[in-house]
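Subject: Structure handover

Dear colleague,

I am passing on the structure we spoke about, and below it you will find notes on what turned up when it was examined. Please read them with the structure open beside you.

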Amino acid sequence: MPFSQCGSLIPRVGDEQVVASAWERFLQDRPLPGTGVRPVVLDSWQRCRSESVDPASRCAPGAADERVRQLQGQNRDLCDAARPVLEGLCDILRECGTLIMLSDHSGTILQLNGETRARSAGEAINLATGGCWNEEVIGTNAIGTAIATSAPVQIYASEHFCMDVKRWTCAAAPILDPLGRTLLGVVDVSGVKETFHGHTLGLVMAAAKQIQGELARRDGVLHSRLLARAMDDFRRYGSDCLVLFDHRGRIVRTAGSVQAAREQYGVRLPFEVGGHVPGLNLARPEIDRRHQRPDWLRPEWLHPVKDVEGELGTLLVIPLGARQAATMPTLPKAPPAESDPFADIIGSSESLESAKARARRIAPLDLPVLLLGETGAGKELFARAVHQAGTSPDGPFVAVNCGALTRELLASELFGYAEGAFTGARRGGLPGKFEQADGGTLFLDEIGEMPLDMQPHLLRVLQDGIVVRLGDTRQRKVAVRLIAATNRDLLADVAAGRFREDLFHRLCVVCLKLPALRERPGDIEAVIAHLNERLARKYGCPPKTVAAEVLQPLLCYHWPGNIRELQNVFEAMFALSDGDAIDPTLLPAHIVAGAIPVFAPAATAGRLDEMEREAVRAAVEDANGNLSRAARTLGIARSTLYVKLASMKIVEPAAATPSR
């Protein structure tokens with residue numbers, strides 16, 4: 001809207017007393033005079049009444065520092081685009097005694113600038129970072145009214161709804177998403193009423209427009225990268241319904257039959273470009289995204305789109321027609337345990353079931369797979385299951401740990417060698433793992449540990465399907481499905497020059513992230529029961545009783561070594577226990593100390609309470625008072641740790657060191 005058209009949006013200072021009188025009559029539900037109160041203000045007062053806003057409210061509610069940091073992270077694109085614009089606005093208004101602010105779409109102030117006296121005055125009504133200026137909580141004001149109307153507005157003195165805000169004046173303009181035109185935030189200039197100037201509204205409107213322009217420019221760059229990375233997938237899944245989302249969960253491109261997806265799965269999406277799905281906004285925590293995703297959206301349909309700088313967006317692949325019929329048999333609804341390749345992957349948590357579902361979908365596609373997960377999380381178990389569920393389950397499965405061999409040994413292990421290639425070489429030479437895996441699957445564990453100068457040789461084999469043994473010239477054709485695994489951040493290694501970018505993209509055609517055991521604590525008891533049965537067969541005895549005093553610390557420990565650590569601990573206890581029960585005295589001391597009990601049976605409550613208290617105290621001491629680090633060590637949320645510290649009277653939570 002041109003500034004010349006903003007006349008009706010600018011207050012008239014001379015009407016202040018008329019507006020003040022009208023406000024009093026409005027609160028008393030008496031008829032108002034015919035003139036003096038602008039329609040935008042009267043409409044806002046009526047919204048305040050319908051929301052039961054208290055006109056005596058003294059200040060806006062505020063968010064905690066941690067919540068503000070979370071909101072700033074979720075709105076990083078907006079904050080980054082707005083920062084230079086607001087700094088320029090601050091320079092223009094430096095001598096005016098005003099505050100320049102950016103809020104999110106709900107009215108919470110994310111950034112604030114201005115001179116010291118104005119800041120001090122603003123803090124009295126929480127016109128400060130973290131303050132929430134939505135109409136529903138603090139009545140008529142420029143930020144809240146701009147949000148309610150999605151239009152620029154200036155509010156002066158008595159036009160505010162709440163008493164203690166009436167000595168202020170403010171002007172605000174909404175910032176709209178350039179793609180979907182949804183509200184992203186608000187830019188605002190506020191000061192005591194003596195700082196009022198009609199041109200302020202034009203300044204904030206220009207600033208909002210400038211921020212939108214910068215966001216559009218950034219979107220153009222990111223969307224170009226996103227489309228370039230997703231182009232192969234659009235060809236690969238050409239017979240399906242495809243929806244490409246950017247990192248904020250907005251639709252960038254669609255392909256395939258939308259109607260078929262709706263009829264087949266009950267899909268309900270805003271399929272037009274710019275449509276927004278909050279559950280695919282990568283700036284939000286994963287747990288929030290899961291809760292916001294619609295029920296019909298299956299996790300295995302989501303494919304992350306990445307490049308060397310990180311995750312760019314998400315491709316939703318909704319299988320249709322012939323390809324669905326061909327692939328769905330790999331996802332039986334209730335496979336018998338003995339015929340299910342994934343039967344040995346124990347657990348029913350949401351994160352594990354999601355990983356297994358995605359692995360089942362990946363298995364028949366005969367594409368390279370990169371498994372991501374912590375040490376001991378079961379990467380080889382998943383690799384074997386993908387192989388067994390794939391198109392060549394009878395072919396060989398060959399595993400190589402790239403981190404356990406020297407460069408020379410790894411080269412000969414992978415590619416083989418010819419007779420006389422080096423001192424001690426076997427007569428007749430030896431085929432490498434690629435040749436041994438011909439017609440099956442080669443699993444390269446700890447791929448991130450592969451020496452940089454060996455990576456081009458691996459890349460060449462993956463590209464050409466041809467192996468040349470060390471010391472030989474003969475080319476051997478191999479057909480191998482590659483599954484790689486790592487616990488490293490390969491994108492960071494690429495950026496640091498420790499891993500080849502072209503090899504990364506060759507390996508990461510399909511990515512599968514495996515959850516750590518502490519992320520699925522509900523599965524621990526099922527894993528223990530499975531180990532009990534398996535070890536009973538191994539040692540030729542009945543399964544052993546696991547009493548509550550043994551089970552509870554195992555359930556509450558955070559298991560940094562994941563399944564492998566649990567398996568080793570339980571097998572040692574099983575083998576060393578005499579009789580038909582696990583001996584509780586065989587519990588390792590570090591597990592007893594590191595367990596955080598959720599419940600305690602009456603017989604052991606005192607002991608477990610003391611164990612919990614000692615574990616919490618030790619974790620806080622080891623972390624030098626850093627509660628975030630202590631919570632990670634204990635495998636619990638920081639908020640949970642605060643509650644435990646307060647209840648145990650170990651240390652006052654406020655006195656502990658916060659995270660930075």
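A salt bridge, as the term is used here, is a side-chain nitrogen of Lys or Arg within 4 Å of a carboxyl oxygen of Asp or Glu. Please keep in mind that this is a predicted model.

By that rule, the side chains of arginine 488 and glutamate 449 form a salt bridge, with N and O 3.3 Å apart. Arginine 488 sits in the loop between β15 (481–486) and α17 (490–495), while glutamate 449 sits in the loop between β12 and α16, so this pair ties together parts that lie 39 residues apart in sequence. Arginine 488 is partly exposed, at 30% relative accessibility, and glutamate 449 is also partly exposed, at 35%.

Arginine 217 and glutamate 214 make a salt bridge of another kind to look at, with their closest N and O atoms 2.8 Å apart. They are 3 residues apart in helix α8 (residues 199–236), which means that about one helical turn separates them. In general, an α-helix has 3.6 residues a turn, so residues three or four places apart point the same way. In total, the structure holds 34 salt bridges.

What does the side chain of threonine 145 make a polar contact with? Its partner is the side chain of glutamate 135, at 2.8 Å. Threonine 145 lies in helix α7 (residues 142–149) and is buried, with a relative accessible area of 0%. Leaving aside neighbours within four places in sequence, threonine 145 also has contacts that include Val40, Ser44, Arg47 and Val153.

The lining of the largest cavity has 7 nonpolar, 4 polar and 1 charged residues, and β4 gives the largest share, 3 residues. Among the lining residues are Trp133, His160, Trp168 and Asp188.

With best wishes

Note on methods. Residues numbered from 1 in each chain as written. Predicted model: local features only at pLDDT ≥ 70, side-chain atom pairs only at ≥ 80, totals over all residues. Heavy atoms only, no water. Helix = DSSP H or I, 4+ residues; strand = E, 2+ residues; numbered from the N terminus. Buried < 20%, exposed > 50% of the residue type's maximum accessible area, 1.4 Å probe, protein only. Polar contact = N/O pair within 3.5 Å; in protein donor to acceptor, adjacent residues only side chain to side chain. Contact = heavy atoms within 4.5 Å. 1 Å grid on protein atoms, 1.4 Å probe; cavity = no way out; pocket = protein on both sides within 12 Å on 5 of 7 lines; lining within 4 Å. Nonpolar A, V, L, I, M, F, W, Y, C, P; charged D, E, K, R; others polar.
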